[in-house]
There are 4 protein chains.
Amino acid sequence: MATILIVAISDHGSTTAMADAIAKGVRSTGGEAIRRTADEVDADGGSPLCHCDGLILGSPVHMAAPDWRLKRFIDQETSPLWQKDALVGKVGGVFCSGAGYGGGGGGGELAMLSMLADLAELGMILVPLPKNTPGFAQAGLHWGPYGRAHAEDMSPKGLTEAELETSYHHGANIARLAERIAHPGQVVFANAS
Amino acid sequence: MATILIVAISDHGSTTAMADAIAKGVRSTGGEAIRRTADEVDADGGSPLCHCDGLILGSPVHMAAPDWRLKRFIDQETSPLWQKDALVGKVGGVFCSGAGYGGGGGGGELAMLSMLADLAELGMILVPLPKNTPGFAQAGLHWGPYGRAHAEDMSPKGLTEAELETSYHHGANIARLAERIAHPGQVVFANAS
Amino acid sequence: MATILIVAISDHGSTTAMADAIAKGVRSTGGEAIRRTADEVDADGGSPLCHCDGLILGSPVHMAAPDWRLKRFIDQETSPLWQKDALVGKVGGVFCSGAGYGGGGGGGELAMLSMLADLAELGMILVPLPKNTPGFAQAGLHWGPYGRAHAEDMSPKGLTEAELETSYHHGANIARLAERIAHPGQVVFANAS
Amino acid sequence: MATILIVAISDHGSTTAMADAIAKGVRSTGGEAIRRTADEVDADGGSPLCHCDGLILGSPVHMAAPDWRLKRFIDQETSPLWQKDALVGKVGGVFCSGAGYGGGGGGGELAMLSMLADLAELGMILVPLPKNTPGFAQAGLHWGPYGRAHAEDMSPKGLTEAELETSYHHGANIARLAERIAHPGQVVFANAS
């Protein structure tokens, strides 16, 4: 049974709603989903950050990048694990919500890439969002689910069922993959030994 | 009077229509717009590529990057000018069209960044698309106009007036800036002399 | 036994040398490595592109993006497989060689991201380069091995042992992961059924 | 006389040293350089953020993105100006310092792109680092100066003269361009009026 830690921050609830859907998807596979806000997780030895099989990061898009509180978590809590190679070979994924002014996505792509870059630095295997995922047409970007809680003209529209369905399947995909990679025995990556 | 070279490639006419609108915008400022497909421009001494005040690159988005024919132009024709620092301090901009499967933009952002990276390597000043540009809500990404000729579910919808209007203003912005920078006397950038 | 297809293009042999090292790494795990240049692989039913467990793309960095011949392969051969969701859930990775003018990497990061974006669009699981990989200090970027065949001032230096060693381990990592994911039975990703 | 605001954050002094060199470059052109840390500038009406002709952002690279304190500045202070289109058509640029583990740049490119994305969202004209800038071979990336205060194996080496020289010229380039664009009369960009 894979344990997936979901670390997110939310302004008005959209990112939280997506994280809820992702957690449901994780549990649908028999996995355990642990939820933390970016403010309440640390890198201490007992933290789920050190013991999870997979890590999912989520944030609203602010000025084409993740919210600063998510970045503070990255700097303060994931950097020490990068030093120790503690998450190498585990599974990671990302998601975003956003107003996304303009039909071109409002910077969601670079925001997701910024979080994926952290996971890549940690040595984690990255799970994309395949285009045959239910709901992709509305919620999808190949890097992960993107819940656009506002229309392209910034009028509020709320998240749709499609956007939550895509999130659910993203969580399930990541949990299935983490389960396969962790058992029996973590896949061995190259190391200096 | 600024001379702006627009180099684009088109599959089904959307990129061409955007290039037409950009050229109109250039001319609306009194500038000269020169149009070339990516197949028909070279870096010979007499080429407009060597004598323009500004360069605008446009392409459909294919697999989250510009069309390979636009990339061939970049490799074969702009690389020699990079060697010679021939375009340093001139003005550049980009635009894309695309099917853009999914509400997240379908990779348009990374496609534009790929073209902007070429212009940055050439030492060119990059013109974004300000959010108060008419039509931005529909056609805009801050890196440049993005004409989504298909809906997020990939059903064809054609370019809208908003998408062409945004393109027009992008051309006008670039021409006005190029005019200012080129006269009287090109702004001097640092060099080894 | 995982079958890994390596598709690359080379100017002066550096990318080929890295592909050789990657293939050795694949074989060191008991996997099968198939080598193709970007010019000689297609998406026909019998192609290794349709039957591999993992796909690795490699290119020199030209103007901060992959060589146009690699992009032509992406547009012409991977796009049809994107349509059919043929590679969803398989394993992917990338590598680059380059002159890389300047101490900041010369655009290798965006070049790797452009290839990773193609793999993500195909729905493939992305394998990064963990920092504890032997040779990382010299050859590493977290997105994949980066063989800098020239020094930061563009003087030729050739690939080092470290750069080939890193490539070897990248191939081994990808083969081990592909083996785990493919057997027993491919990990099931969400689909519309 | 152009007024250039430099907003940076520093861990151990490298970013500060680069900001000092940039400020010197600004002043070498007759421009005014205003220095602020990311913690001490706001978007109030009297702030230099609202009255500058150009804005330069600098940060150490942490996990392939700017430091979280620089991101907090972006979210809290530049977002309100984005709402008001207050910086449209002004001039912007970026720089980074970093340990940069690995010969591939350690994520400096995506870190610079993240800051450039903020400036692009604000509608600012982006100034790259031309390859003929003195010091480019050591300090350069086309997006801006990158001072690598540690060697590729993370051993401390300190900033070199070349890295500071490149920074100086980046500041001078931006000041010269801002001066040209601001006088006589700011170049007019398209707007809804």
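Visitor: Which strands and which helix do the buried residues of helix 1 of chain B pack against?
Guide: The model is predicted. Helix 1 covers residues 14–28 of chain B, and its buried residues include Met18(B), Ile22(B) and Val26(B). These buried residues pack against strand 1 (3–8), strand 2 (32–37), strand 3 (54–62), strand 5 (91–98), strand 8 (144–148) and helix 6 (161–182) of chain B.

Visitor: How far does helix 1 of chain B reach from its first C-alpha to its last?
Guide: Helix 1 of chain B has 15 residues, and at 1.5 Å a residue a span of 21 Å is expected. The model comes close to that, with a reach of 21 Å.

Visitor: Which residue takes a positive phi just after helix 1 of chain B?
Guide: Helix 1 of chain B ends at residue 28. Just after this helix, a positive phi of about 90° is taken by Gly30(B).

Visitor: How many residues of helix 4 of chain B are buried?
Guide: Helix 4 of chain B runs over residues 108–121 and has 14 residues. The cut-off for buried is under 20% relative accessible area. The helix is mostly covered, and the count of buried residues is 14 of 14.

Visitor: Is Ser114(A) buried or exposed?
Guide: Ser114(A) lies in helix 4 of chain A, and its contacts beyond four places in sequence are Pro66(A) and Ala65(D). Its relative accessible area is 9%. Because buried means under 20%, Ser114(A) counts as buried.

Visitor: How many residues of chain A are in contact with chain D?
Guide: One contact across these chains is that of Ser114(A) with Ala65(D). On the side of chain D, 25 residues take part, and the number from chain A is 25.

Visitor: Which three residues supply 38% of the area that chain A buries against chain D?
Guide: Chain A and chain D bury about 2,000 Å² between them, with 69% of it on carbon and sulfur atoms. On chain A's part, more comes from one trio than from any other three residues: Met63(A), Trp68(A) and Lys71(A).

Visitor: Which element gives the largest share of the side of chain A that touches chain D?
Guide: Between chain A and chain D there are 0 salt bridges, but 8 residue pairs are in polar contact. Strand 4 (65–66), helix 3 (68–84) and helix 4 of chain A each give two or more residues to the side that touches chain D. The largest share, 9 residues, comes from helix 3 of chain A.

Visitor: How much area do chain C and chain A bury between them?
Guide: The size of an interface is often given as the accessible area lost when the parts come together. Here 39 residues of chain C are in contact with 39 residues of chain A. Of the buried area, 66% is on carbon and sulfur atoms, and the total is about 3,300 Å².

Visitor: Which residue of chain A meets Lys131(C) in a salt bridge?
Guide: Across the interface of chain C and chain A there are 2 salt bridges. In one of them, the N to O distance is 2.8 Å, and the partner of Lys131(C) is Asp85(A).

Visitor: Which helix gives the most to the side of chain C that touches chain A?
Guide: The elements giving two or more residues to this side include helix 3 (68–83), helix 4 (108–121) and helix 6 (161–182) of chain C. With 7 residues, the one that gives the most is helix 6 of chain C.

How values were computed. Residues are numbered from 1 along each chain as its sequence is written. Chains are lettered from A and ligands numbered from 1 in the order in which they are written. This is a predicted model: local features need pLDDT of at least 70, side-chain atom pairs count only at pLDDT 80 or more; totals for chains, interfaces and linings use all residues. Side-chain values use heavy atoms; hydrogens and water are left out. Helices (H or I, at least four residues) and strands (E, at least two) are DSSP runs, numbered from the N terminus. Buried means under 20% relative accessible area, exposed over 50%, partly exposed in between (1.4 Å probe, protein chains only). Contact means heavy atoms within 4.5 Å. Buried area is the accessible area (1.4 Å probe) that two parts lose on being put together, summed over both. A salt bridge is a side-chain nitrogen of Lys or Arg within 4 Å of a carboxyl oxygen of Asp or Glu. A polar contact is a pair of N or O atoms within 3.5 Å; within protein, one must be able to donate a hydrogen and the other to accept it, and residues adjacent in sequence count only if both atoms are side-chain atoms. The expected span of a helix is 1.5 Å times one less than its number of residues.
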